[in-house]
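Please open the model in a viewer and keep the selection tool at hand.

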Amino acid sequence: MAQDTTIYDIAAKAGVSASTVSRVINNYPYVNKETRAKVLKIISENNYIQNESARSLVTQNSKMAGILIADVRTTHHTEGVYYVEHEFSKNGYCCLIYNTGTDPEDQAKYIQQLGQRKVEAVVLMGSVFQNVTVQNAIMVYLPNTPVAICNGYLDGPNIYGVTADEYGGVMKAVKLLAGKGRKHFVFITNPITPSNQAKIDGFNDGMKLYGEGCTSKVIEVKSGDIHDFEETTRNIMDEEPETDALFYSEDFLAIAGLHALHNTGIEVPRQVAVVGLNNSRYAEICNPSLTSIDNMLYDTSLIAVRNLLEVLRGGRVNHRMSIGAEVVERSST
DNA sequence: AACGTCGGCGTTAGGTACGC
DNA sequence: GCGTACCTAACGCCGACGTT
């Protein structure tokens, strides 16, 4: 079997020493052309592949990166994981992807595991990791490993945060709808993370700035269950039928809202305008298509990985980076 | 220049020595 | 005989160093 073939087997077959084989594999100099060709031929014939575990024993480079996400099934960061993994892979890294849940203690345990696995870099997907427990775990278990956090910040000499300006993005959306004459705004959010808090702040400050003569309120749906968002939407329209602008902290929640509105015969956007956040693919294909605030997931994911690779190369990187968020207007407004 | 030799990376299984 | 403590070899590979 190919995985049982070692450089010693190759060396024996080629009539050279193991270190000559190692030099060939790693493309090091001081190997005769013919010897190199012969070794490469035997490597190919035997389907030899390097044992990365043994290699990392010597080099202290695992060529592994860790990606932590609260739950790959539901959050929009799933798409971010795709970009992050792809970028790591392009650069020769194998990724360990863990579902941590939202409990900081559990998240810390996964940080410890990444330390045990000797990963060379870590990406935390989402502001759900922006907590002191995770920060301490990084200090203890990954003190010399560069860590990036997408859509959040954590203090630490080896931690690099990349965020989109969701605060500003929500403000822009409030301005847009206020400008269209909407008067009664509701912001519906799932459990409050630092990122969701920034969205809420943007909503409230946007209302102060652009919402003269308007009403506004924020509702937190603690369960995170999609049916509860449908129910909340129905309740709002029942109790306050004058509501004419609904904001949701994520696109898929907004789509749940659209579903509920459709089923109760409320017209979007004539009666109520609906705004989501993430600018996901679902925003394009739902009916009506959803106006959404683009928090630049692709860009933040890519910047996170590239920052880590730059640090690993010995370069310097800003510990905090922020890029603008834009409103992408579609039929729901 | 073109090789080979050997120590060591971190961990563990297996062996040996010792006291009870 | 049993439990404990310590030692050694082994895994696959790299890289410093030695030899021709």
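In this predicted model, two strands count as paired if DSSP finds at least two bridges between them. Strands of a sheet pair through backbone hydrogen bonds, either parallel or antiparallel.

**The sheet.** Begin by selecting six strands in the order β7-β6-β8-β9-β10-β12, which form an open sheet with mixed pairing. The strands at the edges are β7 (215–220) and β12 (326–328); each has a single partner strand, so one side of each is left without a neighbour in the sheet. From one strand to the next, the twist averages 20 degrees.

**A parallel pair.** Next, select residues 273–277 (β9) and 291–294 (β10), two strands that run parallel and are joined by three bridges. Here Val 275 stands opposite Thr 291 in β10.

**The domains.** Now colour chain A by domain: domain 1 (2–50), domain 2 (64–165 + 297–323) and domain 3 (166–294). The centres of domain 1 and domain 3 are separated by 62 Å.

**The largest pocket.** Which residues are the closest to the centre of the largest pocket? Select Thr 74, Thr 75, Thr 102, Asn 190 and Glu 250, from a lining of 31 residues. The pocket holds about 570 Å³ of space. Domain 2 and domain 3 each give at least three residues to the lining. The largest share from an element, three residues, comes from α9. By type, the lining comprises nine nonpolar, 17 polar and five charged residues.

Conventions:
Residues numbered from 1 in each chain as written. Chains lettered and ligands numbered in written order. Predicted model: local features only at pLDDT ≥ 70, side-chain atom pairs only at ≥ 80, totals over all residues. Heavy atoms only, no water. Domains from an automatic or database assignment. Helix = DSSP H or I, 4+ residues; strand = E, 2+ residues; numbered from the N terminus. Axes fitted to C-alpha atoms, helices over the stretch in contact; angles between N-to-C directions. 1 Å grid on protein atoms, 1.4 Å probe; cavity = no way out; pocket = protein on both sides within 12 Å on 5 of 7 lines; lining within 4 Å. Points joined across faces, edges and corners; volume = space filled by probe spheres on them. Nonpolar A, V, L, I, M, F, W, Y, C, P; charged D, E, K, R; others polar.
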